[in-house]
There are 2 protein chains.
Amino acid sequence: MNKSLDTFFNPNSIAVFGASRSIDKPGRVVLQNLIKGNFGGDVYPVNPNAKEIGGLKVYDPKNFPKSDLGIFIIPAKFVPETIEIAADKLKAALVISGGFGESGNVSLDEELLKISKKNDLPIWGPNCLGLMNTHHNLNLTFLPTSRLPMPPKGKVSVLSQSGATVASVLDWAGTINLGISKVASYGNQLNVYDYEILDYFLKDKETDVIGFYVEGLKDGKKLIEVAKQSDKPVIVLKAGKTTSGIRAAKSHTGALAGNFEVFKGVSRQMRWGMARGPEEFLLALKARSRWQKRVSKIGVVTCGGGFGVMVSDSVEELGMTLSKLSKETTKHLMTSFPKRVSVKNPIDLTGDATPEMFGVAIDSLIKDESVDAVVVVLLMQLPKLNSEIVDILQNFSSKDKPIVVVSPPGEYASGINKLIKDLPVVSSPEKAAGVLCVIH
Amino acid sequence: MNKSLDTFFNPNSIAVFGASRSIDKPGRVVLQNLIKGNFGGDVYPVNPNAKEIGGLKVYDPKNFPKSDLGIFIIPAKFVPETIEIAADKLKAALVISGGFGESGNVSLDEELLKISKKNDLPIWGPNCLGLMNTHHNLNLTFLPTSRLPMPPKGKVSVLSQSGATVASVLDWAGTINLGISKVASYGNQLNVYDYEILDYFLKDKETDVIGFYVEGLKDGKKLIEVAKQSDKPVIVLKAGKTTSGIRAAKSHTGALAGNFEVFKGVSRQMRWGMARGPEEFLLALKARSRWQKRVSKIGVVTCGGGFGVMVSDSVEELGMTLSKLSKETTKHLMTSFPKRVSVKNPIDLTGDATPEMFGVAIDSLIKDESVDAVVVVLLMQLPKLNSEIVDILQNFSSKDKPIVVVSPPGEYASGINKLIKDLPVVSSPEKAAGVLCVIH
């Protein structure tokens, strides 16, 4: 079977089965997402009971124009026969509808598999959120953009065993300005598998970094084979790590989450980053999409000693170390700053810190060879800090060492934090070490 | 010495030494904070070189009206002689200025101590942010309210070894609607000590829960003695847990952070909650100020399976368990919900979840005796969820079981999250278990 995933991610024409006149039906939302998203190819709504929807001519399932991709958002029981009818006009099918094997209707899955083989038609899903390709203006999901806007264009691609999880992660990505390339919610993996999507992302020129939410793998060995062919960075969010989690995963995706220690071993071998939760996952993807180097020795600059202590604790707790700054750096800092500034690592600029002082300290840390990555603690409650810090920080984002900003929310602070678009910003000091540990 | 801390937290008259004509000098900010904060007592600006500041008559240090409290925001070297001159008109002194022992000027501290003893005058600080009492409209800090607004009035009191840390924590508290009673930044502890402030808070009728940021203790044994007299809940944010952290603490507050294992042992004995970072600290304070019961068995309701799995993992990883729901609960859920809903714990309402369904599920979990606390996962990307969820959740906040909401940020979600004022809301599933573990 020709399972070129390019047909899914870069189709030139799409037939939408289940396009509906009711504005909030999922089939109609998919149609709207294509139109509103300025998809450049042809879109054919398919519905036997309508002539026109949203200004577009509607086709009958028995008589619609040849299309690269058919997307199916119709009740599960009608999916097999509809695909059967449409198969000879399609190169690939994406089934969003649920109600298949995951609901106990295993025979429907078997029927679909037969149709797929008979017609040499790859079938993605069923039971999934769908997919996106920002570089192709392609939003093939059934959530309205009022709830799940297209994320900003970028080079991070995400595959996910869970539709709701990836929806939430993508919405969040928008709020932290994380640029996304492709998104794949793969559902029941009828015959498009996790490792095939991973393979596609690993080879994709529009993908620099891969995020992977996984409960259980389709075929661990195949996945390792695929992964070994590339050193493109992968960051994993693994759920189903404990007895309780594994049980919950079984009833969620039906996944056999398997032994987490084995999974950890494989990840270590592949040098995949392991995030402990969605927040760390997203911020580590953001860091990794900008900086490729692995980090271990951390330089810290703070304007509040307590936050410096807490960052130091977390760095050590997570198996990294605080850099021992070079004599040159120390000397430079001593001549640059008043006596009250503690020039050891963490550098404590104290409560009189100015944006300029932060600039000098960060620059010194970046230039010091003992430093792999920098944590900057901003406490915007301090009166000499102001919005000038934003440009200073943003300018360092193009340097070759990762910077994570710790800036707790607050009445004035939250506004400033939103402006620091190009760096990962966390609210709490222990999270900075968490993000760096994923790109460790 | 009569060290009644009430003079610090409930003064009827305050003399402000260092009140300045320049609007951004710390001494002027303190004055403004008192006036703007509608402090009900008398306020006397003291400055030998001014006649009138901000419409108030200014006094000479040698000739000002008797006051309960003198607050000193003048250069360190002038503090001893000024307090000496003023001592007979004051019941207590609060020294905000830095530049004492913490900067190596140990002799200044010694001088202050002598003056304190000679005049029977307790001296708070030096080198601190100051203090607050929201119930007395008392904001004795030197940060402008544009940077650090008074937090909402409530029953949580916080003492902190670090001024910048507590400033940031208070600003954050406002954003999560955490009601604060008193705040104490105690600086160098010349002769007002951490355990005395703790004692005051433990006995204070306006304080239900205590938050404590600490690097090292003044006198561990005294603190334990004090703590043993009360079972008022205390939540600790301990910094200086590792070799790196202890070193950083030494150069920050000069604290000998000591052995963290010993501190943990004491905290366990006292049943103090231990937060792993400021975010957990604040959310646990919020949870504890509403619910007194300790929690161990957790019920989860989600609308996305993946987030349910991740909550389950974290609950187990942190030493708690997922409740095994009663037969009655399970039966009730089965009759209430369509077949696709998984009625085991975690209850998965799936992508068609409505606010009403959440209401039914949460109500069942609260009524089930096997459940100590509830985690609610909202993924606001799902189209059937809407702002009706806010009132439903808020109504449960008056029930006797803790509820933590997991709702990741997003274009629509972030607006909803801000409206859920009475419950702790976290962005990432692993954090819900983190907060519950602190009130474990």
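**Close-up views of a predicted two-chain model**

Figure 1. For a chain of 440 residues the globule rule gives a radius of gyration near 22 Å, and because chain A has 25 Å, the value agrees with that of a compact globule. Taken along the principal axes, the C-alpha atoms of chain A fill a box of roughly 80 × 45 × 35 Å. The secondary structure of chain A consists of 16 helices and 20 strands, and 57% of the 440 residues of this chain count as buried.

**Figure 2. The contact between domain 1 and domain 2 of chain A.** The domain assignment divides chain A into domain 1 (1-125), domain 2 (151-290) and domain 3 (292-438). The C-alpha centres of domain 1 and domain 2 of chain A are 25 Å apart, and across their boundary 14 residues of domain 1 are in contact with 11 residues of domain 2. On the domain 1 side, the elements that give two or more residues are helix H4 (106-118) and strand S7 (123-124) of chain A, with H4(A) giving the most, 4 residues. By class, this side of domain 1 of chain A has 8 nonpolar, 3 polar and 3 charged residues.

**Figure 3. The hairpin of S8(A) and S9(A), with S11(A).** Strand S8 (residues 130-133) of chain A pairs with strand S9 (residues 138-141) of chain A in the antiparallel sense over 4 bridges, and A:Gly130 stands opposite A:Thr141 in S9(A). The two strands form a hairpin with 4 residues between them, and in the turn A:Asn137 has a positive phi of about 50°. S8(A) is also joined by 4 bridges to strand S11 (residues 180-185) of chain A, again running antiparallel, and there the bridge partner of A:Gly130 is A:Ser185. In a regular strand, side chains alternate between the two faces of the sheet. In S8(A), A:Gly130 and A:Met132 point one way while A:Leu131 and A:Asn133 point the other way, and all of them are buried.

**Figure 4. The open seven-stranded sheet of chain B and the helices H6(B) and H9(B).** In chain B, 7 strands form an open sheet with mixed pairing, in the order S9-S8-S11-S10-S12-S13-S14. Strand S9 (138-141) and strand S14 (273-275) of chain B are the edge strands, each pairing on one side only, and the twist from one strand to the next averages 20°. Within this sheet, strand S12 (residues 209-214) of chain B and S13(B) pair in the parallel sense over 5 bridges, and the bridge partner of B:Phe212 in S13(B) is B:Val236. Helix H6 (residues 194-203) of chain B packs on the sheet, where it touches strand S10 (153-160), strand S11 (180-185) and S12 of chain B, and the direction of this helix makes about 165° with that of S10(B). Helix H9 (residues 260-270) of chain B lies across S13 and S14 of chain B and runs at about 170° to S13(B).

**Figure 5. The side of chain B that touches chain A.** Between the two chains, 69 residues of chain B are in contact with 70 residues of chain A. The elements of chain B that give two or more residues to this side are helix H5 (163-175), helix H8 (243-252), helix H10 (278-290), helix H11 (305-317), helix H15 (413-419) and helix H16 (429-438). The largest share, 11 residues, comes from H11(B). Divided by class, the residues on this side of chain B are 26 nonpolar, 28 polar and 15 charged.

**Figure 6. The surroundings of B:Ala239.** B:Ala239 is placed in the loop between strand S13 (234-238) and H8 of chain B. This residue has 34 C-beta neighbours inside 10 Å and therefore counts as buried, the cut-off being 20 or more. Leaving aside neighbours within four places in sequence, B:Ala239 is in contact with A:Gly306, A:Val309, A:Met310 and A:Asp313 of chain A, and with B:Glu215, B:Gly245 and B:Ala249 of chain B. By contrast, the C-alpha atoms of B:Ala239 and B:Leu378, which lie 139 residues apart along the chain, are separated by 32 Å.

Key:
Residues are numbered from 1 along each chain as its sequence is written. Chains are lettered from A and ligands numbered from 1 in the order in which they are written. Domain bounds come from an automatic or database domain assignment. Ala, Val, Leu, Ile, Met, Phe, Trp, Tyr, Cys and Pro count as nonpolar, Asp, Glu, Lys and Arg as charged, and the others, Gly among them, as polar. The radius of gyration is taken over C-alpha atoms; the globule rule is 2.2 Å times the number of residues to the power 0.38. A residue is buried if 20 or more other C-beta atoms lie within 10 Å of its own, exposed if 12 or fewer, and partly exposed in between; C-beta atoms are placed from the backbone. Two strands pair if DSSP finds at least two bridges between them. Axes are lines fitted to C-alpha atoms, for helices over the stretch in contact, and angles run from 0 to 180 degrees between N-to-C directions.
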